[in-house]
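These are my notebook entries on one structure. I recorded what I looked up, entry by entry.

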Amino acid sequence: MTDQMAYKPIGPATAELDSFEPDYKETCEVCNQSPTVTGLHKGKVVYRSGMCGVCTFGTARALATDWWNSNED
């Protein structure tokens, strides 16, 4: 892995996440789509994937940002 790969922790290497939220300011490093996935803990961004929902989660269901925090498979 290089420093430019998608995993970009902000803070510790592992982060406790409360939710995933869309970042409409950034575009995916893989497919150039938006929004990208960020992880929040206590209202603060602690994780930025650098990728859109589909590239992060590996499913077309992730086109719907509300799916990111659902319990659906």
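Entry 1, terms and ground rules. I took helices (H or I, at least four residues) and strands (E, at least two) as DSSP runs, numbered from the N terminus. The model is predicted, so I noted that local features need pLDDT of at least 70 and side-chain atom pairs count only at pLDDT 80 or more, while totals for chains, interfaces and linings use all residues. Residues are numbered from 1 along each chain as its sequence is written, and side-chain values use heavy atoms, with hydrogens and water left out.

I looked up Asn-32 and found it in the loop between β2 and β3. Asn-32 is not a glycine, yet its phi is positive, at about 70°. I listed Asn-32 as exposed because its relative accessibility is 54%; buried means under 20% relative accessible area, exposed over 50%, and partly exposed in between (1.4 Å probe, protein chains only). The loop between β2 (19–23) and β3 (36–41) also holds Pro-35. I noted that the peptide bond joining Ser-34 and Pro-35 is cis, with omega about 5°. Next I turned to Lys-42, in the loop between β3 and β4 (44–52). Lys-42 likewise has a positive phi, about 55°, without being a glycine. With 69% relative accessibility, Lys-42 is exposed.

Is Ser-49 buried or exposed? I found Ser-49 in strand β4, and it counts as buried because its relative accessibility is 0%. Its side chain makes a polar contact of 3.1 Å with the side chain of Thr-56. Such a contact is a pair of N or O atoms within 3.5 Å; within protein, one must be able to donate a hydrogen and the other to accept it, and residues adjacent in sequence count only if both atoms are side-chain atoms. I then placed Ser-70 in the segment after α1 (53–57). The side chain of Ser-70 reaches the backbone oxygen of Trp-67 at 2.9 Å.

I recorded three aromatic pairs. Rings of Phe, Tyr and Trp (its six-membered ring) pair if their centres lie within 6.5 Å; planes under 30 degrees apart count as stacked, over 60 as edge-to-face and the rest as tilted. Phe-20 and Phe-57 are edge-to-face, because their planes stand at 85°, with ring centres 5.2 Å apart. This pair links strand β2 to helix α1, across 37 residues. Phe-57 and Trp-68 are tilted, because their planes are at 45°, with centres 6.1 Å apart.
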